[in-house]
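Q: Could you take me through one part of this model up close? I'd like to hear what sits next to what, in plain words.

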Amino acid sequence: MREIVLDTETTGLDPYQGHRLVEIGCVELFNGIPTGQIFHQYLNPERDMPPEAEAVHGLTIDFLKDKPLFATVVDDFVTFIGDAPLVAHNAMFDTNFLNAELERCGRDLIGRERVVDTLLLARKRHPAGPNSLDNLCSRYGIDNSKRTKHGALLDAEILAEVYVELTGARQTRLTLVETTLTSTIKIDDAGLKVRPTPLVSRLNSDDIAAHRAFMATLGGEVIWTKYLVEEVVSPQS
């Protein structure tokens with residue numbers, strides 16, 4: 001299954017209070033494995049950069065002023081994500097900003113039904129928290145030493161590793177070859193699998209007698225006696 005892990009950086013917290021996207025980072029996964037395909041774009045927000053936002057991601061207006069507008073790259077972005085599920089940490093934040101930009105361009109919005117929020121997954125799996133991206137990296141032993149500031153592509157790449165851990169997909173990645181097994185084992189009326197040829201018993205008559213004597217010492221109705229069958233005794237060695 002194809003999935004897109006994404007992250008964004010912005011000028012603030014609310015797209016409907018005039019704040020804009022300044023960076024988008026997307027990483028493609030196929031069956032939980034990064035394919036190497038990415039979408040990464042810095043954007044001109046057409047406004048100033050508040051100091052508190054710059055302190056988070058380090059992006060200045062001087063750096064962004066010659067970058068393209070979202071409307072210029074929207075076709076590439078929409079093509080890249082296609083109809084794949086979108087994975088994000090605190091996904092409502094990212095999708096609100098993306099939808100505000102898509103709405104300005106007259107494009108279809110991203111529906112909630114296609115969004116996977118790793119923060120909600122983490123809260124369900126680790127209800128005691130904390131569940132920030134950095135905390136989850138520490139929990140799962142994921143190297144985030146390069147994350148001195150927030151960056152959309154780096155965070156998306158780290159989140160992809162966290163997502164694999166949260167969903168248990170790492171075990172799937174270890175399956176390198178699919179194997180199809182053909183069985184000739186018959187099923188009896190009780191639904192139990194029966195070997196075509198019974199195994200030769202390793203018990204001798206002394207073993208069986210000792211076992212029955214032990215059960216007799218237990219008293220009451222011993223459940224093992226309900227499953228006694230005609231033993232096939234191996235020859236004495």
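A: Leaving aside residues up to four places away in sequence, Asp 117 touches Ala 88, His 89, Asn 90, Ala 91 and Met 92. Keep in mind that this is a predicted model. Asp 117 belongs to strand E5, residues 115-117, and with a relative accessibility of 15% it counts as buried, because the cut-off is under 20%. Val 87 is 30 residues away from Asp 117 in sequence, yet their C-alpha atoms are 6.0 Å apart in space.

Now for helix H5, residues 118-125, whose axis comes within 10 Å of the axis of helix H7, residues 152-167. The two axes cross at roughly 40 degrees, which makes H5 oblique to H7. The crossing is left-handed. On the H5 side, the contact is made by Thr 118, Leu 121, Ala 122 and Arg 125, and H7 brings Leu 159, Tyr 163, Glu 165, Leu 166 and Thr 167. Sort those by class and you get 5 nonpolar, 2 polar and 2 charged residues.

Helix H6, residues 133-140, ties in with both of these helices. Its buried residues are Leu 133, Leu 136, Cys 137 and Tyr 140. Look down the axis of H6 and they fall within an arc of 105 degrees, so they line one face of the helix. H5 and H7 are among what covers the buried residues of H6. After H6 comes Gly 141, with a positive phi near 70 degrees.

Key:
Residues are numbered from 1 along each chain as its sequence is written. This is a predicted model: local features need pLDDT of at least 70, side-chain atom pairs count only at pLDDT 80 or more; totals for chains, interfaces and linings use all residues. Side-chain values use heavy atoms; hydrogens and water are left out. Axes are lines fitted to C-alpha atoms, for helices over the stretch in contact, and angles run from 0 to 180 degrees between N-to-C directions. Helices (H or I, at least four residues) and strands (E, at least two) are DSSP runs, numbered from the N terminus. Angles under 35 degrees count as roughly parallel, over 145 as roughly antiparallel, 65 to 115 as roughly perpendicular and the rest as oblique. A crossing is left-handed if the near helix is turned anticlockwise from the far one by less than a right angle, and right-handed if clockwise. Contact means heavy atoms within 4.5 Å. Ala, Val, Leu, Ile, Met, Phe, Trp, Tyr, Cys and Pro count as nonpolar, Asp, Glu, Lys and Arg as charged, and the others, Gly among them, as polar. Buried means under 20% relative accessible area, exposed over 50%, partly exposed in between (1.4 Å probe, protein chains only). The arc is that of the directions from the helix axis to the C-beta atoms.
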